[in-house]
Amino acid sequence: MENNNVIYGINGPVVTVKQADCFEMMEMVHVGEQNLVGEVIGITDDFTTIQVYEETTGLKPGDPVRGTGAPMNVLLGPGIIDNIFDGIERPLKAIEEQSGAFINRGATVSSLDENKLWNVTMKVKVGDRLEGGQIYATLPETPIIEHRLMVHPELSGIVTKVMPDGDYKLFDTVVVIKDDEGAEHNLTLCQKWPIRTSRPVKNRLTSSVPLITGQRVIDTLFPIAKGGTAAIPGGFGTGKTMTQHQLAKWCDADIIIYVGCGERGNEMSQVLEEFSELIDPKSQRPMTDRTVLIANTSNMPVAAREASIYTGITLGEYYRDMGYHVAMMADSTSRWAEALREISGRLEEMPAEEGFPAYLPSRLAEFYERGGRADVLSGGEGSVTLIGAVSPQGSDFSEPVTQNTKRFTRCFWALDKSLAYSRHYPAINWMQSYSEYFNDLDPWFKENLGEDFVEYRNRISALLQEESSLMEIVKLIGSDVLPDDQKLVIETARVIRVGFLQQNAFHADDTFVPLEKQKLMMKTILHLYKKAKEIVAKEIPLSKVLNLGLFDKLTKMKYDIPNSKPEMFDDYIKEIDEKLASLLK
């Protein structure tokens with residue numbers, strides 16, 4: 001029966017089969033003599049429609065199509081971390097050894113190394129009852145990540161056999177359990193999971209703990225929670241990829257999953273080189289020991305680009321279920337939406353706004369909905385934080401991908417061309433960006449950094465807002481007409497912009513700034529503003545205050561005060577008091 005299924009028509013990555021009644025929706029299939037990987041995306045009485053995740057050049061009508069009886073899935077087990085996969089979890093290093101620099105079509109390499117021995121420690125004994133998601137063994141995957149082997153979420157039963165601790169391969173049975181029907185199941189070091197189905201959790205938690213990134217504009221003005229969702233929209237050259245690199249390097253997640261979705265090949269190779277040389281600040285080990293890379297560059301087949309996002313989030317959920325905090329960077333969701341648009345066009349579906357398919361919003365919602373912080377089945381808590389870059393053409397934030405992403409994310413870090421071109425990085429525009437996590441996170445900030453942290457942030461934001469409205473007047477009639485107290489606002493806002501919001505990724509102390517130092521920097525700037533305001537109120541000209549050089553000194557304090565010496569801020573405050581007091585004399 002199966003071998004009668006042959007290709008009827010081919011349109012780019014979309015293949016149709018005539019009168020095949022043995023396929024199921026979303027089933028994974030093998031197409032042609034080379035067994036190209038595909039997925040069933042449409043079934044009617046007459047035709048079955050398949051999208052192929054590889055280049056379809058050379059396929060012809062009459063070539064066979066074989067079903068697998070299972071949905072599109074990924075293999076989950078030890079060996080994922082420190083690996084580089086393509087969009088459908090094929091390991092690029094292993095394929096390179098097999099076929100050289102270019103991936104051959106139909107390349108069949110196991111996603112994970114089947115011959116590597118892992119040192120397994122058993123955590124259960126005969127007679128124990130295991131529920132879905134519970135941990136039955138552990139092994140060191142990398143020097144800093146312990147891999148916890150969990151029962152498949154849909155399985156439970158009594159342990160009937162446990163192997164001794166020792167070295168095992170990926171598919172070796174280490175535990176046997178008997179379910180309630182009396183059937184026995186062998187538990188190995190791996191399991192499979194369909195990429196379009198989210199993995200279950202015990203219950204979802206509110207996002208009340210911040211993801212600390214060490215980037216001042218994010219941590220202070222627009223914080224994101226662990227398990228939160230954020231969008232980084234920006235035109236070409238505004239620094240989306242670099243901002244995501246900074247977050248991947250410095251945020252306090254346990255595991256980073258970086259999905260290069262339709263990005264340029266040279267950018268992905270830069271990520272690979274950088275991450276292999278970087279040292280993780282927490283463990284002093286190479287960064288790759290806690291990073292998974294999914295590379296689906298712009299010249300790879302377009303359908304696999306659509307799958308790469310789901311592959312990435314499934315890997316993220318797997319490590320979340322072990323009790324880790326995962327941060328996933330998707331760079332960029334616009335290229336993913338373009339893949340949807342291209343396939344939708346081939347399927348001759350009715351286009352919606354700008355040619356994107358009508359189901360673009362629901363696909364984006366499906367993706368961002370899979371982030372979150374939760375009590376996991378293995379006990380403990382884990383989270384997946386989703387940070388998606390958006391590349392609107394011509395920096396136009398009103399286009400559909402940006403607008404729909406805005407609906408489903410609670411953090412919006414808008415990158416600004418003019419800031420990027422004036423070398424202000426990260427080029428996050430403080431007037432267009434926002435975070436909806438303040439109510440959830442403020443209790444944490446107050447508890448860990450004191451009540452005044454939130455107060456300082458609000459005052460800094462108010463000064464930036466005030467400067468923005470004053471600059472409208474300045475543009476019209478110049479700054480000379482402003483009274484001194486308003487000129488002081490503009491001067492203070494300049495210190496906030498240059499000395500606080502602008503950050504140097506290549507400076508040892510400035511690339512990552514602890515929250516305590518961020519708070520003291522705000523305190524010092526606001527102290528200067530308050531004292532200078534008192535001086536100006538006594539009708540001493542602002543020019544005299546500026547001549548003291550205090551404002552310029554504060555713009556450089558991010559470099560002059562090492563992260564390890566917060567006590568130096570007291571000297572700055574003392575100096576401000578002394579110099580301003582001398583004006584009153």
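Strand β7 (residues 73-76) and strand β17 run antiparallel, with four bridges joining them. Keep in mind that this is a predicted model.

- Looking at the pairing up close, Leu 75 has Lys 192 of β17 as its bridge partner.
- Strand β17 covers residues 191-194, and its side chains alternate between two faces.
- On one face you'll find Gln 191 and Trp 193, which are buried.

**A four-stranded sheet**

- Another spot worth a look is an open sheet of four strands, which run in the order β12-β11-β9-β14 with antiparallel pairing.
- Its edges are β12 (145-150) and β14 (166-168), each of which pairs on one side only.
- Ignoring direction, neighbouring strands in this sheet are turned by 40° against each other on average.
- Six bridges link β11 (residues 135-142) with β12, again in the antiparallel sense.

**Salt bridges**

- Side chains of opposite charge can pair up when their charged atoms come close.
- There are 31 salt bridges in this structure.
- One of them joins Glu 39 to Arg 196, with the closest N and O atoms 2.9 Å apart.
- Glu 39 sits in strand β4 (residues 36-43) and Arg 196 in the loop between β17 and β18 (203-205), so this pair ties together parts that are 157 residues apart in sequence.
- Glu 39 is buried, with a relative accessible area of 1%, while Arg 196 is partly exposed at 25%.
- Those two residues also belong to a network of salt bridges that links Glu 39, Arg 196, Glu 306 and Arg 363.
- Arg 148 and Glu 146 form a salt bridge as well, at 3.0 Å from N to O; Glu 146 is partly exposed, with a relative accessible area of 34%.
- Then there's Arg 370 with Glu 317, where the closest N and O atoms are 2.9 Å apart.
- Since Arg 370 lies in the loop between α7 (360-369) and β23 (372-375), and Glu 317 in helix α5 (residues 302-321), the pair ties together parts that are 53 residues apart in sequence.
- Both Arg 370 and Glu 317 are buried.

Definitions and conventions:
Residues numbered from 1 in each chain as written. Predicted model: local features only at pLDDT ≥ 70, side-chain atom pairs only at ≥ 80, totals over all residues. Heavy atoms only, no water. Pairing = 2+ DSSP bridges. Axes fitted to C-alpha atoms, helices over the stretch in contact; angles between N-to-C directions. Buried < 20%, exposed > 50% of the residue type's maximum accessible area, 1.4 Å probe, protein only. Salt bridge = Lys/Arg side-chain N within 4 Å of Asp/Glu carboxyl O.
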